[in-house]
Amino acid sequence: MSGSTANVAEQFYQIDRSFKDEAYHEAAKTARQIINKQPDNVQAIMCYLYSQIQLSQWKTCFNFIDTKVKDALEKCTTEERATLSYYKAYCLYRLNREKECLDEIKANGDGSEKWQVLEAQCRYRLHQYSQTSELYSQLLKDAKANGGDSEASLLLTVNLLASYVSADTNPKELDDLLERLADPEDAYELAYNLACAYLSKKDYAKAEQMLTLASSLCKGELGTDDDDTDPELNWMNAQLGYLRQLQGRNGDATEIYEKIMRPVVGGSKNDVTVMATACNNLVTLKPKGSSLFDALKRIRLASKAESLESKLTATQLETLGLNKSIALSNRSKVAEARSVLTQLEQQLGDAFKRSGAAAVGKAVTQYSSGGDGKKEAVNTLKSWLATNSASGDATFVRLSLAGLLAESSATRSEAATILADLGPEVSMGRPEAVRQRFTAHTGSTEEDRDALKKEVNEVLNFWQKRSSGDAAAVLRYVADVATRNKLYDEAAKAWELYNSKVGDSSSTEAVQGLVSALSRVTAPAPESLETATMMVERLVQRSPEAETIEDAIDDVDPEELEEMDVSAGSWKVVASAPTAEGEEIEVKKHHRKRKPRYPKGFDPENPSAFRKPDPERWLPKNERSDYRRKMKKKQMQLMRGPQGVVPAEGENVKTGPSTAQLEASTERQTQHQKRRKNQRKRK
């Protein structure tokens, strides 16, 4: 064996040892040394590429394959060529060049499991969810038929679930998969995807249960109890914020979103998709008023990441782009808003051009352009509905059209007709539709108040017979509108329905809303009081200070509380003192009288002798009557002489600038003139 061959063998031994120690930098360095000596050494090339992939150096790996490996391909076996092709396709996928990756798969893929998984991942990024779910379904069937690894089957199940949820169509296959799957015991990814699936089906209780489980499993795997130590936990927190927003608990949702919008979490970089989702959803919670500038700032922050297109689903990209366009339009930046819509067309293609979101975005830009913009916006939405009335986006467009028409009293009847045509399931079952119904009766007249009361009662009667849907968001909104308009009977009824339909009796806001509404009702029903008492008891039991609160409640005498005078000033009469016979009489509290404080030199016995303050003391100095006289006197007394000179009594003081330097310079100038004169005489 020659020395060179022995040296190469020793280097391969070092590479093997580096792989075992996961020291991929050292392995890549050693493999590169072998390649420099032997450029066609296929094993060294494979080791170098594997090291670069482990180091996530996708671009370096792809460039090396594209430029350096061509000479070694002749010596490669069929299996080695397939591996190099897979490395190239995988690098293209990680570089977000999905179409080129699919071309490589079609040209050199052998149809094995790893190639099919890579193809499914590419199609998922290209928003081709039906083809993605077909690939994962087949892979999962093959894995179960061959008795494959349970971990591989779990990963395929997680990805299959993600493709079903991202398709946003709620196929029958998703229901069948949810029925077959049990609650995960150790995989937080599966629990998270199950939560997303239940959210898409509006099963909020089950979704919250799965999110709690996912967060617990993730913390166990990370070995932490803190929500702020790892960006991975932010995925669960963001979804929990979305769940709270769907439930109408906007305060809780806002708190969660603001907490997870930080660029760095626990010393690690936060995921851009989490930040983009939180920013977008926070804007929808604060869409108007003084926060509009902040909304646009957040939207721009959410959409500036270059990798968002490959990480977000098509629905998320569409929602983010539409909200950005609306925010720009509201800030009168119509040209920028139109460019955002054009960019969405380039990203999503014809699917976006035909969508209702594109029509609504165009209508918003027309409305914000002024002039006849509102008329153009109405015509745009009507023309889209004329050709796409059966589309899935038709309800969204109709609600947008109803909102535009409800702004004017002349077209409110047409808006009401559009909402009525949507049917009760939409017009009274969805928060945005209920908001449109109430908007038409926001006037201050008695007629508007009666109409609003009628609308509120219709929505409440609808929800008494309904057991699923967006009950949380709708009933919270109805209770808020009823309270603001002093319809306290309806507000109490809405909170009672919220308790029975949602079952969120531990919510502080729900308990507070019900108790507050009942306290303003003249004669509340006994059933309502019983419901309020039950909700308060549950809230107290869940409190960490339950015993203290219960003791404080036991000390309250209901009869004494009922007879108490709560009018202004009644709280000053308090203490009671026992008499000799044991009876009690009310005694007024004696407040200590403080000795008055007087100005210096003031005699309270002879107040007229105290010098009165200057009546002009609050005027600016230049407006006071003696200002000119004092300034003139001050200027006369100014001393402008050299520093340190004190004028004698009766001596005139110079008022001009100091002449100490002036006299010295004059003397030097005279001597210079004499010298010049003597020089001219000599000539």
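**Close-up views of a predicted helical model**

View 1. Residues are numbered from 1 along each chain as its sequence is written, and side-chain values use heavy atoms, with hydrogens and water left out.

**View 2. S329 sits in helix α18 (residues 314-330).** Helices here are DSSP runs (H or I, at least four residues), numbered from the N terminus. S329 is buried, at 2% relative accessibility; buried means under 20% relative accessible area, exposed over 50%, and partly exposed in between, with a 1.4 Å probe and protein chains only. Beyond four places in sequence, S329 touches A337, V364, T365 and S368, where contact means heavy atoms within 4.5 Å. S329 and T365 are 36 residues apart along the chain, yet their C-alpha atoms are separated by 5.7 Å.

**View 3. The largest nonpolar core has 36 residues.** Such a core is a set of buried Ala, Val, Leu, Ile, Met, Phe, Trp, Tyr and Cys residues joined through side-chain atoms within 4.5 Å. At least two of its residues come from each of α8 (129-145), α9 (150-167), α10 (172-180), α11 (188-200), α12 (204-222) and α13 (232-246). The biggest share is that of α11, with 10 residues. Another core, of 35 residues, lies apart from this one and has A27, V42, W58 and F62 among its members.

**View 4. L161 is one of the residues with the most contacts inside the largest core, along with L178 and L194.** Setting aside neighbours within four places in sequence, the partners of L161 are L174, L177, L178, L181, L190, N193, L194 and A197.

**View 5. Helix α10 has buried residues L174, L177 and L178.** Seen down the axis of α10, its buried residues fall within an arc of 100°, so they line one face of the helix; the arc is that of the directions from the helix axis to the C-beta atoms. Among the elements covering these buried residues are α9 and α11. On the other side of α10, you will find K172, E179 and R180 exposed.

**View 6. D168 lies in the loop between α9 and α10.** D168 is exposed, with a relative accessible area of 52%. Its C-alpha atom is separated by 9.5 Å from that of A197, 29 residues apart along the chain.

**View 7. K202 has a positive phi, near 60°, and is not a glycine.** K202 belongs to the loop between α11 and α12, and is partly exposed at a relative accessible area of 40%. K486 is in the loop between α28 (471-484) and α29 (488-502), and counts as exposed at 57% relative accessibility.

**View 8. pLDDT stays under 50 over residues 567-582.** pLDDT is the predictor's confidence in each residue, from 0 to 100. For residues 567-582 the model has 18 contacts beyond four places in sequence. Residues 649-664 are also below 50, with 13 contacts beyond near neighbours in sequence.

Terms used: Predicted model: local features only at pLDDT ≥ 70, side-chain atom pairs only at ≥ 80, totals over all residues.
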